[in-house]
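Here are my notes on this one, written as I went through the model.

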Amino acid sequence: MPINVLGAVLLEGPQVIPGWELIKTYAPAVAVVGAIKYYFGGSSNIWERDMHGRVFMITGGTSGVGAQVAFQLASQGAQIVLLVRKVEDQWLIDYIEDMRERTNNFLIYAEECDLASLHSVRKFATKWLDNSPPRRLDGVVCCAAESIPPYKPRQVTTDGLERQMGVNYVSHFHLLTLLGPALRVQPPDRDVRVVLASCASQSLGELDLEDPLWQTRRYPTNKPLSVYGTSKLLLGLFAKEFQNQLDEYERKDKAPCNVRLVTANPGILRTPSTRRFLSLGSVWGLILYWILFPIWFIFLKSAYEGSQSIMYALSAKDLAKMQGAQHIQECRIVKSSRKELFDEELQKQYFQATEKKIEEVERQSAKQRAMNAPPKEKKDKKEKTGKEDVATNLSTSSIQEDVYTMPKTPEELEAKLNILRKDLASAATKKRKGKKA
Ligand SMILES: NC(=O)c1ccc[n+]([C@@H]2O[C@H](COP(=O)([O-])OP(=O)(O)OC[C@H]3O[C@@H](n4cnc5c(N)ncnc54)[C@H](OP(=O)(O)O)[C@@H]3O)[C@@H](O)[C@H]2O)c1
């Protein structure tokens with residue numbers, strides 16, 4: 001049949017094609033729309049990297065661009081650790097089951113790390129660091145973010161930080177600095193990547209060293225993008241300074257630093273955060289969003305298209321040889337327009353200011369937790385000596401007593417396993433010493 005039509009077109013002209021008049025009228029418009037859509041779809045990553053056996057942690061891996069990155073890495077055989085707000089969640093269980101089936105990769109897990117709570121971040125990081133021998137880690141992808149729609153009041157995290165600053169910047173800062181030892185300890189031949197999702201709105205960011213986390217400044221409800229942009233700009237400054245610190249660290253084996261920090265701007269996407277933002281977080285806004293969907297479909301990228309720059313940041317070999325933290329946009333290394341990203345002194349100052357704030361906030365939150373703790377927990381805490389075991393929030397003595405009983409939570413299980421591991425190690429040492437004697 002197509003050959004017949006083709007023959008007829010060649011002999012008699014295109015008018016023999018059924019519906020030719022319609023095609024002639026609308027084809028140019030469809031072609032133009034197609035070309036515009038293709039252009040706004042952005043660039044594709046052409047780098048391929050063998051991901052089998054590699055271990056990646058992903059924040060925001062349950063939605064939008066982060067979910068796409070998690071899916072692609074899992075499809076390529078990587079082990080995925082999704083850092084999520086809550087692990088006891090039926091939706092999450094189904095989500096992981098589904099991803100395991102679709103990627104034919106069963107090494108996909110979730111760990112609790114609620115970025116709206118510094119305590120939760122510390123608990124997760126301590127648990128990870130407590131693993132003996134240290135766990136393999138090939139990369140951390142930081143995609144989680146909160147974006148507050150315009151005309152919504154200021155929102156805060158569990159620690160009382162402005163929500164966008166707390167989730168997008170402070171918690172990722174906290175997570176990565178706590179995981180610093182796990183990143184530095186990776187063997188020298190391992191190409192470790194830390195990718196931070198950035199945003200063009202960082203050009204709207206307003207820095208203030210007196211109030212780096214937007215705690216005392218008036219919250220601009222009519223332009224929340226400036227707060228969101230500030231969180232992304234600070235993430236960029238952090239990447240630069242943290243990379244310098246990792247580069248300066250002298251490894252025991254004297255090998256050069258094998259951890260690369262990269263910020264990647266995925267572009268403007270048709271994801272839940274954009275939908276919430278454009279619809280102003282209202283039902284009417286949502287209806288309007290769906291009515292105007294053809295516009296968003298043409299001009300905004302899909303989550304898959306947005307994930308390309310992040311996949312590039314994780315795969316491009318060139319990046320491993322570059323000095324300093326790089327910024328990626330449209331699968332290319334680009335220079336940012338913000339002068340602060342070239343000011344090392346300022347980057348240091350913001351790093352130190354954030355560290356100080358985190359310390360203050362954590363101390364405050366710990367006091368609050370202690371005050372709100374039920375009486376038994378308070379008693380256990382008093383009995384505790386030495387440093388606080390923030391990873392488990394359970395006193396060591398209480399775990400030691402019932403180490404063989406069924407643990408009720410993953411944290412309790414990990415704590416009990418750690419005690420058993422320590423006991424086994426000390427028994428083995430004693431035995432060795434006994435033999436030598
Ligand atoms: N969308 C855009 O147009 C755009 C443009 C430029 C840059 N970006 C950046 O790209 C990244 C991904 O954006 P997206 O639009 O794909 O995001 P999204 O679909 O809105 O997903 C946000 C993710 O962050 C997680 N998250 C939020 N708060 C959290 C918390 N307290 N603890 C742990 N996880 C939390 C969410 O988990 P839940 O599933 O539990 O909610 C979700 O997985 C972000 O960093 C964003 O800034 C986006």
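In which loop is the place of W214? W214 sits in the loop between β5 and α8.

1. Ground rules. This is a predicted model, where local features need pLDDT of at least 70 and side-chain atom pairs count only at pLDDT 80 or more, while totals for chains, interfaces and linings use all residues. Residues are numbered from 1 along each chain as its sequence is written.

2. The overall count. The chain has 17 helices and 8 strands; these are DSSP runs numbered from the N terminus, with helices being H or I of at least four residues and strands E of at least two. Buried residues are 36% of the 437 in the chain. Buried here is 20 or more other C-beta atoms within 10 Å of a residue's own, exposed is 12 or fewer, partly exposed is in between, and C-beta atoms are placed from the backbone. Of the contacts with a separation of 6 or more, 73% are between residues 24 or more positions apart; a contact is a pair of residues whose C-beta atoms, placed from the backbone, lie within 7 Å.

3. The sheet. The 8 strands form an open sheet in the order β3-β2-β1-β4-β5-β6-β7-β8, and the pairing is mixed. Two strands pair if DSSP finds at least two bridges between them. The edges are β3 (108–112) and β8 (332–334), each with a single partner strand, so one side of each has no neighbour in the sheet. From one strand to the next the twist averages 25°. Helix α4 (residues 90–103) packs on the sheet, where α4 touches β2 and β3, and its direction makes about 155° with that of β3. For these angles, axes are lines fitted to C-alpha atoms, for helices over the stretch in contact, and values run from 0 to 180 degrees between N-to-C directions.

4. Around β1. Strand β1 (residues 55–59) is mostly covered, with 4 of its 5 residues buried. On one pairing, β1 runs parallel to β2 (residues 79–84) over 5 bridges, and F56 stands opposite I80. On another, β1 runs parallel to β4 (residues 139–142) with 4 bridges, and here F56 faces G139.

5. On to β5. Strands β4 and β5 (residues 192–197) are parallel too, joined by 4 bridges. V140 is the residue opposite V194 in β5.

6. The core. The largest nonpolar core has 85 residues, and I58, I80, V195, I310 and A313 have the most contacts inside it. Helix α8 (residues 225–248) gives the largest share of this core, 11 residues. By nonpolar core I mean a set of buried Ala, Val, Leu, Ile, Met, Phe, Trp, Tyr and Cys residues joined through C-beta atoms within 7 Å.

7. Which strand does A264 lie in? A264 belongs to β6 (residues 259–265), and A264 counts as buried because 29 C-beta neighbours lie inside 10 Å. Leaving out residues up to four places away in sequence, A264 touches V195, A197, S198, S309, I310, A313 and I328. With neighbours within four places set aside, A313 contacts R193, V195, V262, A264, L319 and I328.

8. A cis peptide bond links S132 and P133, with omega about 0°, and P133 is in the loop between α5 (118–129) and β4. Back to W214: its phi is near 55°, a positive value in a residue other than glycine, and W214 is buried, with 23 other C-beta atoms within 10 Å. C331 also has a positive phi, about 55°, without being a glycine. This residue, C331, lies in the loop between β7 (326–329) and β8 and counts as buried with 20 C-beta neighbours inside 10 Å.

9. One annotation. UniProt, in an unreviewed entry, places a "transmembrane region" at residues 277–299. UniProt positions are given in the numbering used here, feature names are shortened, and annotations may be inferred rather than shown by experiment. In the model, residues 277–299 are 78% helix and 0% strand, with the end C-alpha atoms 16 Å apart.

Notes:
Contact = placed C-beta atoms within 7 Å.
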